[in-house]
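Hello,

Here is the structure I said I would pass on. Please open it first, then read the notes below alongside it.

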Amino acid sequence: ETIQVSELAKMMGVKVSELIKKALQMGMPVTANQSIDADIAAILADEFGYQIERAPIEEEILLQYIPPSPEELKPRPPVITVMGHVDHGKTTLLDAIRKTDVASKEAGGITQHIGAYTVKLEDGRTLTFIDTPGHEAFTSMRARGAQVTDIVILVVAADDGVMEQTKEAIEHAKAAKVPIVVAINKIDKPEANPERVKSQLAELGLIPEEWGGDTLMANISARNKIGINELLELVLLQAEMLELKAAYDRPARGRIIESKLDKGRGPVATVLVQEGTLKEGDIFVAGLTYGRVRAMFDSYGKRVKEVTPSMPVEVLGFEELPQAGDDFIVLDSEEKAKKIAEYRQRKAREAETAKEAKISLEKLFEKLKEGELKELNIVLKADTQGTLEALQASLLKLSTDKVKVNIIRAGIGAISESDVMLASASNAIVIGFNVKPSSQARDLAKKERVDIKFYDVIYQLTDDVKKAMAGLLEPEI
Ligand code: GDP
C-alpha cells in the first residue's frame, strides 16, 4: 500500500514543499511524485498532527454472495463424519466403507489419503466421508465457522457400550444440529450386547426406531465387514430426509479439509466443494491466501477437471498454505482475490500484534526466572506466512542444551520501530527474511544498538545463528 507524497499533502491541506522539507529533516529525501509506503506516510502525517487510517476494502462487497434460487438447486451427496469412543472401531469402519467403493476398482484400487473420500455404490449413489475420525477435527472445524458434516455416524462398541467420548460425540453432534446414525460395532464378539447399548443410548435421547424413536441404528462388525451396506443404506435414508441440495452451475465455494506443504508440488490442500462447480484455472481466495487452480486430483490420485458439490478434491495452485477449516471462494479476478487475501492478512496481523505484546512480556519474565540458562533472543520478520513458519521451525531446532533459541516475535511484513524496541528491551537480534526495515526503524536500531540482519537464503540464516550461538557459549576449558 502506497500513497503519493503530493496526494498526502493535499489530504492534509499542507503544501507539498512543506511536506518534502519535513521529510528531509527526518532523513527521508522524497519528491512530490514519489510513492511512499503507508508506514512512512503515517509517520509524516503524525508530524502534522494527522493520523492515517487505512480504508479497509469492503471484504463483503468483493465477496458479495447471491444465494441460489430454489430452481438452481439439485440434490447433492451427504458428507459424513465418523465419531465415537477411542478403540470402538472408527478407523476400521472408515476402511471397511472405503472398500465398498465400486469406483475404486475402476481406478485401479490405489487410493490416496487426502482427508476425505467419496464412495460410489453399485447403483451409482455416492457418499462422502471425512477421513479424520473423532470429534477433534469436527469441533475445530466448527470453531472456525465451518460446518461441513451433514450426518454423524456414531460408532459404539457392542462390548464396551457407551463411554465418555461417546457422550461427548453426541453432545457435539447435537450442538451442531447434525443427525446421528448409530453403528453398533463389534457384534462378532461373544461378549457383544447390542441391546444394552441401545438402552444406554436411549437414556441419552437416542431412541431406536423399533422402540418408537427416530434414531437409525445398525449392528455391524467393521472388522468382519458385516452390516456395512445396511449401515450405508440407513445413512442414505437419513440423507434423503435432510433433502440435501446445492446449486451446481455457479462459481464454487467450499472449505479446506486438510493442507500440507508438498516438497515437489508446493502448498496442496483438500477442498470440499459445497456449492457450484470447481474448475481447473479458477481463481480463488482461501482464508489468508489465494491462488489459481493449477490442477486437481481426486482421492484415487486421478486428475480431474471439474468438481461438483459434496466432492473432495486435492487442489494445487495456492500462493500460501491455507488452514483446515478455511473458506474457499472462487472469484472472477485475481486482483480481487489478492486484495481480499491481503486485507485478511492485515486483519490477522493486527490481531497478532495485539497478542504479541503480551507474549513478549511473559517471555521477559520467563527469562528472569530461568536465570542461568543462556538464550539467543530473536525478533523474526518475513515476507510470507509460509516462510515464517519454515524459518521458525529451523531456528527452534538449533537450540542446544547450552543455548536456547528464543523467537520472541515472529511476524510478516517490514521491520518496524516496535520490532526494534522489543529487540532492544529483550536483548534480541532482529532477523529480516526478504523484508527491510522502514528508515525510522533503521535509525532507531542504530540508536538502540540493535542488530538487524537480512537474509534471503534459509541456510545462510541458520549458519549465522549457529555462529552467534557459539559466540554466546563460555569458552570450554
Ligand atoms: P478407533 O480408535 O475408534 O479408530 O478404533 P480402531 O478402528 O482403531 O479399532 C480399535 C480396535 O478394535 C482394533 O484392534 C480393531 O481391529 C478392533 N475392531 C474394530 N472393529 C472391530 C469389529 O468389528 N470386531 C472386532 N472384534 N474388533 C474390531
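**Overall fold**

Of the contacts in the protein chain between residues at least 6 apart in sequence, 71% join residues that are at least 24 apart. Please keep in mind that this is a predicted model. The protein chain has 477 residues, and 47% of them are buried. It contains 15 helices and 23 strands. The accessible surface of the protein chain is about 24,400 Å², with 51% of it belonging to carbon and sulfur atoms.

**Strand β4**

Which strands pair with β4? One is β6, residues 126-130, which pairs with β4 in the parallel sense over three bridges. Another is β7, residues 151-157, where the pairing is also parallel and runs over five bridges.

**The ligand**

Next, look at the ligand. It is surrounded by 15 residues, and the closest are D87, K90, T91, T92 and D188. By class, this shell has two nonpolar, seven polar and six charged residues. Which helix gives the most to the shell? Helix α5, residues 90-98, does, with three residues.

Some individual distances can be checked on screen:

- H88: a backbone N or O atom lies 3.4 Å from an oxygen atom of the ligand.
- N185: an N or O atom in the side chain is 3.1 Å from an oxygen atom of the ligand.
- D188: an N or O atom in the side chain is 2.7 Å from a nitrogen atom of the ligand.

How much of the ligand does the protein bury? Taken alone, the ligand exposes 580 Å², and the protein buries 78% of that.

Then move to the ligand and pick out D188, which is among the closest residues.

Regards

Definitions and conventions. Residues numbered from 1 in each chain as written. Predicted model: local features only at pLDDT ≥ 70, side-chain atom pairs only at ≥ 80, totals over all residues. Heavy atoms only, no water. Pairing = 2+ DSSP bridges. Helix = DSSP H or I, 4+ residues; strand = E, 2+ residues; numbered from the N terminus. Near = heavy atom within 4 Å. Polar contact = N/O pair within 3.5 Å; in protein donor to acceptor, adjacent residues only side chain to side chain. Areas by Shrake-Rupley, 256 points an atom, 1.4 Å probe, with all protein chains shown as cover. Nonpolar A, V, L, I, M, F, W, Y, C, P; charged D, E, K, R; others polar. Buried < 20%, exposed > 50% of the residue type's maximum accessible area, 1.4 Å probe, protein only. Contact = heavy atoms within 4.5 Å.
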